[in-house]
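Me: I've got this model open and want to check a few labels against their cut-offs. Can you walk me through them?

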Amino acid sequence: MEDSIRDASLSAVKVASEIAYSYVSEVRNQRLFPDASALSGLQHFDQPLPAAGTDSQQVLEQLHTYGSPATVATTGGRYFGLVVGGSTPAAMGANIITSAWDQIALMESSSPIANQLEKIAGRWVLELLDLPSEAFVGFVTGTTMAHVSALAAARHYLCQKQGYDLAEQGLHNAPELKVVLSEEVHISVLKALRLLGFGRSQFIFVPCDLQGRIIESAVPEFSDNMILVLQAGNVNSGSSDNFHTLIPKAKKAGCWVHVDGAFGLWARASREKSALVAGIEAADSWAVDAHKWLNTPYDCGMCIVRHKQVLREVMTTSAAYVETQEMWQAKDMLPEFSRRARAVEVWAAIAELGSQGIEALVDRCCLYTKMFAEGLELLGFDVLNDVVLNQVVACLPDIHLQRAMLHKVQQSGECWFGQTTWQGQEAIRLSVSSWATTEDDIQRSLKAISAAIDEIQQQAI
Ligand SMILES: Cc1ncc(COP(=O)(O)O)c(C=O)c1O
């Protein structure tokens with residue numbers, strides 16, 4: 001019996017490793033987006049609820065046969081949609097090991113290793129991003145949940161300052177708070193605020209300049225019932241608000257300042273780029289993803305809060321069966337109770353790259369982004385943003401040609417990027433965030449764009 005349980009798991013691990021090995025071996029040659037035949041293969045999964053089980057090997061093989069071809073090859077180096085980092089080798093390996101460990105990162109006694117690596121990875125992240133060493137770093141699913149956590153703490157803090165105990169008295173008679181937001185705020189902040197019960201009438205939107213940065217002369221008079229949300233890395237342009245002047249002003253008035261730094265906060269890791277986010281350390285909370293620019297596998301973000309006692313007051317959970325003498329345990333600091341040990345991957349990526357490797361990754365992506373922008377200009381595009389980080393927004397003078405080109409390139413499977421609207425103009429949008437992207441990938445992608453344009457123009461003659 002003992003052996004058969006072990007053997008069943010071992011055989012699944014072996015098959016899964018072989019499948020992962022085969023996928024990783026091929027991913028750089030795989031189409032970026034699945035073709036029609038791969039997509040139709042997905043019908044295979046549309047079966048009635050099985051009454052009887054299937055051998056684990058067969059279950060896993062179906063994933064490879066019908067699932068692998070229908071993946072978007074985001075780890076292959078030529079995926080420029082959204083802001084997608086791929087996975088560094090150690091981070092991917094750590095993810096596999098973490099699955100075998102299957103730890104509950106709830107508290108020290110539920111997993112000493114998860115607890116230790118959360119502490120160490122958190123400390124390293126603060127050092128890398130040059131944020132206050134007393135801040136708490138919590139590992140959550142992504143930036144959206146980091147916003148939820150930090151903004152819940154912000155609300156609690158501001159109410160407390162006004163002598164109102166939110167935990168005791170609830171929202172009904174709470175002091176009215178306002179949230180000052182950029183007109184270019186990322187949708188995830190709005191979702192987080194909605195989840196927390198904030199309504200649109202509480203929002204004060206501030207207009208932005210042509211790069212998507214808050215116009216400082218347009219900010220309202222700050223007061224101590226306000227949360228100011230700033231942005232490091234606009235999702236289209238990559239630009240950041242001016243933290244240096246805005247944060248001290250808001251803090252002086254008693255605001256809580258939260259920063260959405262999903263990918264842009266990583267500019268702190270580069271000596272060349274850190275000036276773009278100077279002054280960011282003075283905020284009260286920061287949301288940042290590891291699954292974007294740090295290149296860990298998905299489902300990994302960090303909520304960083306300066307006032308950890310406030311976060312604890314919002315998130316604490318206590319029951320006899322999970323009693324602990326330890327302060328700052330994940331169960332008392334974050335929204336989820338049971339959580340996977342996602343800090344293991346953060347620890348692995350940082351251990352693998354070191355601060356120098358992370359700086360090199362950021363600098364390399366920014367350099368390739370500039371190459372992309374220059375290449376696009378040579379192909380007749382107008383680049384619409386100042387290319388300061390890892391984002392390019394560009395358009396062709398002929399919108400029909402642009403749309404046809406985008407469709408053709410996406411169909412080609414050579415590379416993938418999407419579209420957006422920037423300053424009222426329909427445009428293509430590229431983000432270079434992967435450790436696996438090479439200069440050759442940029443040139444190959446530009447060739448695919450050029451070939452698509454040529455083909456469309458030939459057909460039009
Ligand atoms: C600037 C910015 N903020 C927030 C988010 C949301 O992050 P997540 O998907 O990790 O919740 C994104 C994701 O694209 C982003 O680019």
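Me: Why is Asp299 called partly exposed?
Reply: Its relative accessibility is 29%. Buried means under 20% relative accessible area, exposed means over 50%, and partly exposed is in between (1.4 Å probe, protein chains only). So Asp299 counts as partly exposed. Keep in mind this is a predicted model: local features need pLDDT of at least 70, side-chain atom pairs count only at pLDDT 80 or more, and totals for chains, interfaces and linings use all residues. Residues are numbered from 1 along each chain as its sequence is written, and side-chain values use heavy atoms, with hydrogens and water left out.

Me: Where is Asp299 found?
Reply: In the loop between strand S6 (285-289) and strand S7 (301-305); helices (H or I, at least four residues) and strands (E, at least two) are DSSP runs, numbered from the N terminus. Asp299 also has a positive phi of about 85°, although it is not a glycine. Most residues other than glycine have a negative phi.

Me: What makes Asp102 exposed?
Reply: Its relative accessible area is 63%, so Asp102 is exposed. Asp102 is in the loop between helix H4 (89-101) and helix H5 (112-128), with a positive phi of about 45°.

Me: How do you know that the span of H5 agrees with what it should be?
Reply: The expected span is 1.5 Å times one less than the number of residues. H5 has 17 residues, so it should span 24 Å, and its end C-alpha atoms are 24 Å apart, which agrees. After H5 comes Asp130, with a positive phi near 55°.
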